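Dear colleague,

My notes on what was found in it follow directly after.

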Amino acid sequence: GLPAWRPERAKLRAAVRRTLLRYYRQPFRTQSNTPADLIHFCLAFGCDTEVRTGSVSSRSRSSSAKKINGIVALAWDYPCAGRHLLLASDDGRFIFRVGYGYQKRTGQFLAVLAMSQVDADYEIRVAEQHGTVADLVRCEQLYCQGGTDLSFVLIGLTHYLPSDATWENDLGEAWSLERLMKHELDRSPDSSSEAAVYRLVGLSLAVQHRIRRGEPLDGQFQRAAKFIADFQDHALALQNSDGSWHPRFFAGRGTSRDTLGVLRSTGHILQWLAISLPEDRLQDGQVVAAVTRVNSLLAGQSSRRYVSSMSPRDIETITHALAALAVYDRRVFKPADPDPVEPAPEKEDKEVASARPF
């Protein structure tokens, strides 16, 4: 039920939803935004993401653009700022591009599909080659290699594969989800960057899938569950009194005048906490303070310029913070909402409408 501070919670809920709606309405465009930009926008808004195709007149701001689903744009290989996220190989595989304007790390697109609950049989189109998300899963299995950051790969594979899945990579090495968990637990990412948070998100979601499937938390999954619980306490011990974290993430404590740096660290860490904390801790004062701080920082940024026109790093900063609010809204605010009234659907292109992944 609602806590004793219901008026304050209702006020925060309204403020969070205003912020989410304000950013949701800011147009990302396939003409000017890269695949990396769209991946981050989809991270924030999942299967509800809408982007625009076509051009806009700078003089009149009139538009020949139409709205399409953001995941459709990526999965159906729409050129984004002239770039294609996926390539089709001669042997029928899909090849993921990693680097500036594409995926930041291997497995990122599959991770966003998993976190957006896109089905494994959803269609992927690249040039004349058609496949499904399951084909992307098989490609990521082949690309698993030790000594690399596999945090996003872990998110995707634990979502789409059964817990006892085993496979061989391109080098003929034997892999399993248990080995993937051990690989991520044994890594030591830079504690002063978002890489440390990506690993925590991957491990947390893997443990949650295990619990959701009614399977025991044993082996590496038991080790991960303890590691996550301990790190949650560690993260909250580093939090500032205003709800923020230092721009150096887990490597330091203290306030900073670097507004975007604070939003970057606080948004990423809150996203992980909103995903991983048990429900009875999501309304603790420290978590509420972080939600309030992130929402305040986002509200201040939205009045300056469209997020879609920002630098890639700033887009990543903003969208991870939005994802944090969206997860918190879904886990804390929405369960207390009255039954929604479904709005009348807008008219949209028939092919695009049939492609929506939900």
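A word on residue classes comes first: Ala, Val, Leu, Ile, Met, Phe, Trp, Tyr, Cys and Pro count as nonpolar, Asp, Glu, Lys and Arg as charged, and the others, Gly among them, as polar. This is a predicted model, in which local features need pLDDT of at least 70 and side-chain atom pairs count only at pLDDT 80 or more, while totals for chains, interfaces and linings use all residues. Residues are numbered from 1 along each chain as its sequence is written, and side-chain values use heavy atoms, with hydrogens and water left out.

The chain as a whole

The secondary structure comes to 13 helices and eight strands; these are DSSP runs numbered from the N terminus, with helices being H or I of at least four residues and strands E of at least two. Of the 358 residues in the chain, 53% are buried. Here buried means under 20% relative accessible area, exposed means over 50%, and partly exposed lies in between (1.4 Å probe, protein chains only). The chain exposes about 16400 Å², and carbon and sulfur atoms supply 49% of that area; accessible areas come from the Shrake-Rupley method with a 1.4 Å probe, and for residues only the protein chains shown count as cover. Among contacts (heavy atoms within 4.5 Å) with a separation of 6 or more, 66% are between residues 24 or more positions apart.

Cavities

The search was run on a 1 Å grid over the protein atoms alone: a cavity is a set of points where a 1.4 Å probe fits but cannot get out, a pocket is an open set with protein on both sides within 12 Å along at least five of seven lines, and lining residues have an atom within 4 Å of a point. Grid points are joined across faces, edges and corners, and a volume is the space filled by probe spheres set on the points. By this rule there are three cavities of 30 Å³ or more.

The largest cavity has a volume of about 130 Å³. It is lined by 15 residues, of which L43, M115, F152, Y198 and H320 are the closest to its centre. Helices α2, α4 (108–115), α6 (151–160), α8 and α10 (259–276) each supply at least two lining residues, and α4 gives the most, with four. The lining has ten nonpolar and five polar residues, and no charged ones.

The second largest cavity holds about 40 Å³ of space. Its lining consists of T158, S163, L177, A206, H209, R210, R213 and F221, with α8 giving the most, at three residues. By class, that lining has three nonpolar, three polar and two charged residues.

The second largest pocket

About 220 Å³ of space lies in the second largest pocket. Among its 14 lining residues, A36, H40, G101, K104 and P312 are the closest to the centre. The elements that give two or more residues to this lining are α2 (35–45) and α12 (312–333). Four nonpolar, six polar and four charged residues make up the lining.

Helix α8

Helix α8 covers residues 195–212; at 1.5 Å a residue, its 18 residues should span 26 Å, and its end C-alpha atoms are 26 Å apart, which agrees. The expected span is 1.5 Å times one less than the number of residues. Because 15 of its 18 residues are buried, α8 is largely enclosed by the rest of the structure. G214, which follows α8, has a positive phi near 75°.

Individual residues

R264 is in helix α10 and is buried, with a relative accessible area of 2%. Leaving aside neighbours within four places in sequence, R264 is in contact with K104, E194, F249, R313, E316 and T317. The C-alpha atoms of R264 and R313 are separated by 9.2 Å, although the two are 49 residues apart along the chain.

F249, one of those contacts of R264, is in the loop between α9 (219–237) and α10. Its phi is near 55°, a positive value in a residue other than glycine, and F249 is buried at a relative accessible area of 2%. D77 likewise has a positive phi, near 65°; it is in the loop between α3 (70–75) and β3 (86–88) and is buried, at 11%.

A14, in helix α1 (residues 6–24), counts as partly exposed at 32% relative accessibility.

Yours sincerely
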